[in-house]
Every structure is written in structure tokens, then in C-alpha cells.
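Subject: Structure handover

Hello,

Please find the structure below. My notes on what was found in it follow.

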Amino acid sequence: MTIYSLTICTEDYEALTAHLVREDGCERAAYLLCRKAHAGIDPWERQVHEKFLVTHVIPVPDEDVEESTPVRISWRTRSFVRSLKEAVSKDLVVAIAHNHPTGMLEFSTQDDANESDLLQGALNRNGDGTRILSVVLTPDGQMAGRIWLHPSGTGHEPLSTIRVVGPRIALHYPDRATMLDMPALHRQALAFGQALNRDLRNLRIGIVGYGGTGSAVAMLLARLGVGQIVLFDNDIVDQTNLNRLHGARQADADAMRQKVEVAAREIAELGLGVRAVPVNACVGDPVCRDALKSCDVLFGCTDDHDGRMFLNRFAYYYLTPVIDIGLAIDVDNEDVPNIKALDGRVTVIGPGHTCLLCREIIDTAIAADQALQRKNPMEYDKRKAEAYVFGEGNPSPAVVTFTTELACMGVNELLHRLQGFRGPDGHAANRVRRFHHNEDRRPGRHPRPDCPLCASKDTWGAGDVHPFMDRIE
Amino acid sequence: MSFLPARDREYLESKEIVFEEHDEGGQKGIILKDRPLPVDRFDTEKADILILLPSGYPDTAPDMFYLLPWLKLTNGGQYPRRADQPFQFKGQSWQRW
């Protein structure tokens, strides 16, 4: 059975609620235009996962509303026809959203009848196989949704999750109020409430890069009870990793085990019911796509500029927040090195946030060299001989205490965005910990005006396009 | 199948620039066909321009370009400085710039 889910960014969600939820306590309606993200196999459910990504909110204009009461709404459908027309030309799916001022988070029999009529209108106009979604919203901002399918036995299937992503991350899913809690996670519920535990159990998180930082993130997420984790890395455990790779042992290095395999083993052995899927590949490899698209949130724990640049695009195209973590230790050449810089960074990218390119965190020249080295080693060596590429330097310094502390900072950022313990505006888009100066900074950066990713909404939620993410592989 | 990002394709089409897309062992390039060159500077008036698109483009920028036929300067009859290296693409030897 296919999994269906919906993602909307905070800006669009706020526009939607402002239109729907009014002081008069009456029903209103709007359309959401959605792009698609298709995952052939969701790595945990082993089924097709279809994600719908909201790109535009189209309010039903007040002058088109024929009747609006606290329990009923009817409106002229000319704006619906316009949306259907746009859907055909731009390969979109239309969602119908309305509010239930009484707080009922389910579809009424009246909704069933109205939406059946709208579906029929959509089928008549856009042809067989046309799908529409519908969403209800309550005054406290809760949402539930479904997809109308034709032909099908029931006529519709529920949306498994609706995500709102931005400075906060909200998850709406059917059993949020009733899911059972695990005794092992009781103590953190005492701090943050049951709802957080349920959100964590529902979450699908990808960790890109299983080094010192990624391994710490993985173990922290597993102990928090995150239900679904997928790990991306193409490397094996090496003896020189053992000073910082959580869960890895000398035996893993001797057996030349894949890092992600070690991670999945360690998480399974915790026995917390966390499902961890290993993907032994570079994040840019097409084999990663289904798993990446299936995730709600990603952690970027790679030190590879090319991989980071890939995630930077993914965050916006797929409305998927990426919590990117980096550590830079710069020393001189003395026998006992003097620290010139010991800086760690947790940066959140995705809708509403400045991207890593505009923050000048990614060096695109190094990224291109790393990609060339992977794809065309001969040409890379030739250019290296001509001094046209930078070449790899010595291994960079790494200390477990700093990589792990950064992992804690990154995971705490996620916890705040889910639970809100830091209060309003408690999110940090970019936090730099200067370990050698014992201080934190939060450098701000505005998007470059022409940035196609973060300066405008144009690419937010673009989803599946050809070529993938409008970039050269 | 086209590998060029939609934005670039739309731009080239809007300017009526004839182009071909080629993928040679994963190295992707576009060839702009028969492009006019600055008048009186080279011994040819038109050339095909090959631009290799690096992995990650458009986040990464193309480096160098390649011409066919090879050009010499009208003034002196030499290849321009550092534009004398061949590059094999699509079974042809291109002049690297």
C-alpha cells in the first residue's frame, strides 16, 4: 500500500491559516498547489512513498464564497477550475483545504459529498487518473488530510503525515494523541511531554556521513527513540576512526566493515525499536534518492564539499530541513601544535533559511574537484599535474569531544524545533562554537539576491524535476 | 534525454542558439553550434564552442572552454597564449581555451 504524505513550509502554512482561521469562526477554503516527490521504496515500510510538496497557497476569494458558517461552506468553483488548469500545465496536484471552526479533526459526511463533486470536476477537466488531496485545519492549527483516488475501493486514502517545516517543525499524523509510550523513554517525557516522544517515534531521519559527528548524531537520535533512521556513507571503518567513531571497534576495522553497517548493528542492539537502514553509497549516488526523499529531516555530517552542496540543493527542492554540522581545527606546524582555530558549526538550511552557498560555507571549487575525482579520476590526475585542482591535503585533525559536542548541538536544535523548549524565536539558523575561545556566535547572512535556492520561493518544493534538482550529476 | 537544467535550456532556446548535448562516459558537455567570433581577430569567423558542465553545475562553474576548428590570431598567425592544448571529446581534438 502506497504511503502518502504532504509537506508545507512555514510561510505557506501561515498564509493558509491566516486565510482560513478568522475571528468570525466560520469556514473558509483555499487550494494548495503541490509538486510531487516519488520514492519507489520507502526504506522502512518497503512500499512506494509519494510526497506532495506545497508550492503555492491560492485562497478562495471571499467574493466567491456563497455560504460560510461555523459548520458549512460552499463556494463558486471558478478558482478551482483555474487551479486545475495550472495543475495540468505545470504537472501539479491540487489540494483543497478548509477549516473546521468546531475543532473536529476529521472529514464530515458533508466534506465527503463536496469533495466527491470536486473530484468529479477534476476528472472531467483533467482526465482519468487525476488525483486531488484534501486537508482540514482546526483553530489550534492541527491538520489532517487525505488523497482522493479514482478509481479505488474506498475513494480515498489518509495522508500518513503532514509536515510544516521552517523555524519550527510540526508533524501532524493520525495517531498523534493516542500512540503508546515506551518505558525506556519515560524520563525524557518528564522533561518534554509525551507528544515529543510520539513525534520522535514517527520521524524519519537521514544521517549523511558516518564520521565522528554522524556517529554521535546516530547514537543520540536512537537513544531519543527516533523511529526511523537511514545512514548514508560509502566508507569502511579504519583504525584511525576508532578515536571518535561511536559504536566502532577494532574488530570492525580488521573486518573492513562498512561504517553504515556498524551503525545499523549498534542501533539495533540498543533494543529501542529503532529501525536503522544502512545505505553504503555517497549521498549524490542515485541509489540514495528514494531514501533521501522518504526522510522528514536530514543531518549533514559529511566533510565533503560536493556532498554538502548536494544536500544544500536538496533542502529546498524537497522541503526537507537539513541540519548541517562542521568542525574545523586549524593548527600550525609545531611539534606540539598551536591551535589557530577550533570552530564548530551547526547550520540549518531549507525553506526560510539562508543556504550554505550564500553563507560561503561551501567551497564550490573544492566541491567540483571532489566530484571530478570521484567521476573521472584520470582527468582529475591530469589536472592535478597541471596544478588546475587543489589536491587532497593531510588528514584533518579530529577530536571526539568536539565532534560529539557538535552532534549534541545539532540534535538539540532539532528537539527545539519539534518541541519548542527554548520559547518563541529560540531557533538558531547558524551557531558557531569557538571552542578555543570558549564562546558561541550566531553569524547571520542574508541570501545573495540572485540565489536560486534561498533568495526566493521559486525552487522550494520543486520536487521531482529532470534533470534531478536541475543540476548536472 | 536532456541533462541540461531547464533554466539553461530555456535561455538558449530564447536566444535561438543552436546547441547539442553530449555525454561522453559521464562527462557532460554542450556544444554551441557555429557561433560568430569577434571580427578580424581570428583566422576563422565562426566556430563550435564546447563547454564542459562540471558535476554539481550550476552550483559549480564551468572551467575553460574548447573550440573547433582551432583558431589562430590574425595578428601573428599564432595560437593565443595558453590556447594550444588539445582536448579529446566526441572523437575530435578540440582547442582548449
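Two residues are in contact here if their C-beta atoms, placed from the backbone, lie within 7 Å. This is a predicted model, in which local features need pLDDT of at least 70 and side-chain atom pairs count only at pLDDT 80 or more, while totals for chains, interfaces and linings use all residues. Residues are numbered from 1 along each chain as its sequence is written, with chains lettered from A and ligands numbered from 1 in the order in which they are written.

Helices (H or I, at least four residues) and strands (E, at least two) are DSSP runs, numbered from the N terminus. In chain A, Phe80(A), Val81(A), Leu84(A), Ala87(A) and Val88(A) of helix 2 meet Leu118(A), Gly121(A), Ala122(A), Arg125(A) and Asn126(A) of helix 3. The residues of this contact are seven nonpolar, two polar and one charged (Ala, Val, Leu, Ile, Met, Phe, Trp, Tyr, Cys and Pro count as nonpolar, Asp, Glu, Lys and Arg as charged, and the others, Gly among them, as polar).

Between the chains, 17 residues of chain A are in contact with 16 residues of chain B. On the chain A side, helix 10 (305–317) and helix 11 (364–375) each supply at least two residues, and helix 11 gives the largest share, six residues. That side of chain A divides into nine nonpolar, two polar and six charged residues.

Ala95(A) touches Tyr31(A), Leu32(A), Cys34(A), Ile132(A), Leu133(A), Ser134(A) and Val135(A), leaving aside residues up to four places away in sequence.

Regards
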